[in-house]
Amino acid sequence: MKVALIGATGFVGSHLLTELINRGHEVTAIVRSPGKVTAESPQLKIAESDVFDEEKLSGLLAGNDVVLSAYNPGWTNPDIYAEFLKGSAAIQSATKKSGVKRYFVVGGAGSLEVAPGVQLIDTPGFPEEIKPGANAAREYYGILKNETELEWTVISPAIEMHQGTAGIRKGVYRIGENSPVFDENGRSVISVEDMSMAIVDELENPKFINKRFTTAY
């Protein structure tokens, strides 16, 4: 498969890049700073572009089988809310212009329902420092639900999917849709390595076209 990967130097994106290459896919890594890409492979092409440059971006996306977006302006970015929404809209528009139909987005866990009508982001104790980014991801998921031209998929990570849960690849995971997947201890947790495996599995064998899913152990 030919995959255009946006955000290939980020926390999730860099692990997705490794997973895709290890499974034999051809990857065009679209990044702002090519020097930050450490992976090397004959299957890898590195392209420099800002997501806000729709014309350049659409040209780089053209000819791929899927656009995989791990775009995130950075959790410490004070303007993450506005930039996330603006950048995501630009990627979506560039994908349409490119002629690629399949569009896969790494979203957030904040919009998962932890009780009927109650989303994680609205519960007491949700970390204030990540709320602007989580809210942007929630709003963008709402926008994508009205998308009819692209075959889109969104993954919401487990509640505990961060640097602290990284570093292992169990090779197993469970799938949910709009509510978190909890283990026997009441935790929703997965490593970025196993989430990347779940994402590439979905790319190879689609089950969630025009849907959202989540994954955890």
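A salt bridge here is a side-chain nitrogen of Lys or Arg within 4 Å of a carboxyl oxygen of Asp or Glu. Welcome to a few close-up views of this predicted model.

**View 1. Glu128 and Lys131 form a salt bridge.** Between their side chains, the N to O distance is 3.4 Å, so the pair falls inside the 4 Å cut-off.

**View 2. Lys97 meets Glu54 in a salt bridge.** Here the N to O distance is 3.0 Å. Lys97 belongs to helix H3 (residues 80-98) and Glu54 to helix H2 (residues 54-61), so this contact ties together parts of the chain that are 43 residues apart in sequence. How accessible are the two side chains' residues, Lys97 and Glu54? Lys97 is partly exposed at 46%, and Glu54 is partly exposed at 23%.

**View 3. Lys97 also pairs with Glu55.** This salt bridge has an N to O distance of 3.2 Å. Again the pair links distant parts of the chain, with Glu55 in helix H2 and Lys97 in helix H3, 42 residues apart. Glu55 is exposed, its relative accessible area being 56%.

View 4. Side chains of opposite charge can pair when their charged atoms come close. Across the model, the count comes to ten salt bridges.

Note on methods. Residues numbered from 1 in each chain as written. Predicted model: local features only at pLDDT ≥ 70, side-chain atom pairs only at ≥ 80, totals over all residues. Heavy atoms only, no water. Helix = DSSP H or I, 4+ residues; strand = E, 2+ residues; numbered from the N terminus. Buried < 20%, exposed > 50% of the residue type's maximum accessible area, 1.4 Å probe, protein only.
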